[in-house]
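My entries follow in the order I made them.

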Amino acid sequence: MTDSWYGHTMAADEITEFLNEQATGVLCLSKDRRAYGIPMSFAYDADEERAIMDFGFAEDSKKREFIETTDEVCLTVYEWDGPHEWTSVVMSGSLEPLSKDDIDDVEAWYYRVAKDIDVSAGDVDLEWYELRAEVLSGVALSE
């Protein structure tokens with residue numbers, strides 16, 4: 001852990017605990033040098049260093065369009081209690097669809113740990129993805 005004026009660098013176990021507590025963040029995508037951030041529920045799998053997400057896509061989905069053009073995504077998870085008490089974790093890496101076998105393995109676990117949004121299956125197409133952490137970092141500041 002490294003301390004500085006903006007907080008301390010979080011250890012791996014602190015990051016895992018924080019991601020499991022929060023289970024929501026902002027997923028950042030890009031297309032043609034434009035950014036697109038979306039609120040996202042996830043379940044963090046520390047053993048595989050990945051976040052599992054189930055996406056809901058409406059017809060003519062902007063989200064799908066941006067996913068297809070983004071090589072590296074960024075998931076930012078934070079908690080802000082004031083200017084001197086906050087925590088932020090950033091996970092960057094590739095976003096890949098899960099196979100049917102992978103979905104069968106994680107679906108029940110996902111719904112136990114993620115803070116998911118209840119969406120009627122008739123309104124959207126649901127698809128599962130994983131974000132493999134190529135970079136995972138966290139900073140916390142508390143008085």
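**Entry 1: the whole chain**

I began with burial and found that 40% of the 143 residues in the protein chain are buried. The model is a predicted one, and I kept that in mind throughout.

I then looked up the overall dimensions. The C-alpha atoms fill a box of roughly 45 × 35 × 25 Å along the principal axes. For 143 residues, a compact globule would have a radius of gyration near 15 Å, and the chain has 16 Å, which agrees. I noted an accessible surface of about 8600 Å², with 46% of it belonging to carbon and sulfur atoms.

Which elements does the chain contain, and in what pattern along the sequence? I counted three helices and nine strands. Along the sequence they follow the pattern β-β-α-β-β-β-β-α-β-β-α-β. Of the contacts with a separation of 6 or more, 70% are between residues 24 or more positions apart.

**Entry 2: helix H1**

I went to helix H1, residues 12–22, and asked which of its residues are buried. They are Ile15, Phe18, Leu19 and Gln22. These residues cover an arc of only 95° around the axis, which puts them on the same side of H1. They pack against S3, S5, S7, S8 and S9.

After H1 comes alanine 23, which has a positive phi near 60°. Alanine 23 sits in the loop between H1 and S3.

Phi of aspartate 32 is near 50°, a positive value in a residue other than glycine. Aspartate 32 lies in the loop between S3 and S4.

**Entry 3: strands S5, S6 and S9**

I looked at strand S6, residues 50–57, and found it mostly covered, with seven of its eight residues buried. What does S6 pair with on the S5 side, and in which sense? Strand S5, residues 43–45, is joined to S6 by three bridges, and the two run antiparallel. They form a hairpin with four residues between them. In the turn, glutamate 49 has a positive phi of about 45°.

S6 also pairs with S9, again in the antiparallel sense, over eight bridges. I followed arginine 50 to see its partners. Aspartate 45 stands opposite arginine 50, and in S9 the bridge partner of arginine 50 is arginine 132.

**Entry 4: helix H2**

Helix H2 covers residues 62–69, and its buried residues are Lys63, Phe66 and Ile67. Seen down the axis, these fall within an arc of 105°, so they line one face of the helix. I looked up what they pack against and found five strands listed by name: S3, S4, S6, S8 and S9.

I also checked the start of H2. A side-chain oxygen of serine 61 reaches to within 3.2 Å of the backbone nitrogen of lysine 63.

I finished with two single residues. Glutamate 79 lies in strand S7, residues 73–82. Its relative accessible area is 34%, and it is partly exposed. Not counting residues up to four places away in sequence, glutamate 79 touches Phe18, Gln22, Trp86 and Thr87. The C-alpha atoms of glutamate 79 and valine 89 are separated by 9.3 Å, with the two residues ten apart along the chain.

Serine 92 is in strand S8. Why does serine 92 count as buried? Its relative accessibility is 10%, and buried means under 20%. Leaving aside neighbours within four places in sequence, I listed the contacts of serine 92 as Glu72, Val73, Cys74, Leu131, Arg132, Ala133, Glu134 and Val135.

Definitions and conventions: Residues are numbered from 1 along each chain as its sequence is written. This is a predicted model: local features need pLDDT of at least 70, side-chain atom pairs count only at pLDDT 80 or more; totals for chains, interfaces and linings use all residues. Side-chain values use heavy atoms; hydrogens and water are left out. Buried means under 20% relative accessible area, exposed over 50%, partly exposed in between (1.4 Å probe, protein chains only). The arc is that of the directions from the helix axis to the C-beta atoms. Contact means heavy atoms within 4.5 Å. A polar contact is a pair of N or O atoms within 3.5 Å; within protein, one must be able to donate a hydrogen and the other to accept it, and residues adjacent in sequence count only if both atoms are side-chain atoms. The radius of gyration is taken over C-alpha atoms; the globule rule is 2.2 Å times the number of residues to the power 0.38. Accessible areas come from the Shrake-Rupley method with a 1.4 Å probe; for residues, only the protein chains shown count as cover. Two strands pair if DSSP finds at least two bridges between them.
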